[in-house]
Amino acid sequence: MQESAVKKIRIIGSVGSGKTTLARKLSEEWNIPYYELDNVVWDRDPAGDRRRTEEERAEYLDAILKSEAWIIEGVHNEEWTAGSFREADAIVFLDPAYSVRTYRIIKRFIMQKLGREKAHYKVTYEIFLKMFKWNRYFEQNGKPNFFKNYSFYNDKIIVLKNRRQLKQFMGK
C-alpha cells in the first residue's frame with residue numbers, strides 16, 4: 001500500500017488478530033496518529049475505567065474522523081462506527097486463523113501477567129476468559145456482520161490472513 005495515497009485507515013479484526021500491532025507500525029512508519037476504539041468506548045483512569053455515554057463516544061469519534069489523517073483500529077463494526085468505514089481510504093480486515101488468535105490471546109495474557117506487555121485494562125482471569133468468548137463471537141457474528149453491512153466498500157477492503165500477506169501489504 002502506498003503511504004501517500006492513504007491518510008485514513010480503518011483496521012478491524014477479532015481479539016488477537018494484530019490490530020494494535022499493525023496500527024502502531026503504520027503510525028510509526030507513516031507518522032499518522034492511531035486510535036484504539038476501545039479507548040473511544042472507555043474513558044481510561046487509574047482509579048477505574050468509565051464507559052463513555054453514547055453522546056461522548058460519538059463526539060470523540062467524530063473529532064478523530066474530522067482530522068486530516070488517522071488510523072483507527074478496533075473490533076467494533078456496529079452502526080456507531082459506520083463513519084470510520086465510510087471516511088477511510090483503506091479498510092484492513094485482519095483475519096488470521098482462529099487457532100492463531102487463540103494462541104495470541106494466551107500469549108498476551110502471560111506477557112501481561114509477567115509485566116512484559118502493557119494493558120489498558122486490569123488484567124484478570126475473568127477478562128482472559130472473556131477474550132475467548134469475544135474471539136468466538138467475532139468469528140460467528142462480527143465477521144459475517146461486517147461483510148454483510150460493509151461489502152459495498154469492497155474496493156477499499158483489504159483482507160489479510162497471514163504474515164506473508166501482511167508483509168506484502170507493508171511493502172516488505
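Q: Where is Asn 31 found?
A: Asn 31 sits in the loop between helix 1 and strand 2 (34–36). Helices here are DSSP runs of H or I with at least four residues, strands are E runs of at least two, and both are numbered from the N terminus. This is a predicted model, where local features need pLDDT of at least 70 and side-chain atom pairs count only at pLDDT 80 or more, while totals for chains, interfaces and linings use all residues. Residues are numbered from 1 along each chain as its sequence is written, and side-chain values use heavy atoms, with hydrogens and water left out.

Q: Why is Asn 31 called exposed?
A: Its relative accessible area is 70%. The cut-offs, with a 1.4 Å probe and protein chains only, are under 20% for buried, over 50% for exposed, and partly exposed in between. Asn 31 therefore counts as exposed. Its backbone is worth a look too: phi is positive, about 55 degrees, although Asn 31 is not a glycine.

Q: What makes Ala 47 count as exposed?
A: Ala 47 has 77% relative accessibility, so it counts as exposed. You'll find Ala 47 in the loop between strand 3 (42–43) and strand 4 (50–51). Ala 47 and Ser 27 are 20 residues apart along the chain, and their C-alpha atoms are separated by 29 Å.

Q: How do you know whether Lys 66 is buried or exposed?
A: Lys 66 has a relative accessible area of 65%, so it is exposed. Its place is in the loop between helix 3 (54–65) and strand 5. From Lys 66 to Arg 108 it's 42 residues in sequence and 33 Å in space, C-alpha to C-alpha.

Q: Which residues is Thr 81 in contact with, leaving aside its neighbours within four places in sequence?
A: Arg 10, Leu 37, Leu 61, His 76 and Tyr 150. Contact means heavy atoms within 4.5 Å. Leu 37 is 44 residues from Thr 81 in sequence, with 8.9 Å between them in space, C-alpha to C-alpha.

Q: What makes Met 170 buried?
A: A relative accessible area of 16%, so Met 170 lands in the buried class. Met 170 is part of helix 7. Not counting residues up to four places away in sequence, it touches Leu 22, Lys 25, Leu 26 and Glu 29.

Q: Why are helix 1 and helix 7 called roughly parallel?
A: Helix 1 (residues 19–30) and helix 7 (residues 163–170) pack at about 20 degrees, with axes 12 Å apart. Axes are lines fitted to C-alpha atoms, for helices over the stretch in contact, and angles run from 0 to 180 degrees between N-to-C directions. Under 35 degrees is roughly parallel, over 145 roughly antiparallel, 65 to 115 roughly perpendicular, and the rest oblique. Helix 1 and helix 7 are therefore roughly parallel to each other. By class, their contact has 5 nonpolar, no polar and 2 charged residues. Nonpolar covers Ala, Val, Leu, Ile, Met, Phe, Trp, Tyr, Cys and Pro, charged covers Asp, Glu, Lys and Arg, and the others, Gly among them, are polar.

Q: What makes helix 5 and helix 6 roughly antiparallel?
A: The axes of helix 5 (residues 98–113) and helix 6 (residues 125–150) come within 10 Å and cross at roughly 165 degrees. Helix 5 and helix 6 are therefore roughly antiparallel to each other. This contact has 8 nonpolar, 2 polar and 4 charged residues by class.

Q: What pLDDT does the protein average?
A: The average is 92, and 97% of the residues score at least 70. pLDDT is the predictor's confidence in each residue, from 0 to 100. Among the elements, helix 7 has the lowest mean (88) and strand 5 (residues 70–73) the highest (98).
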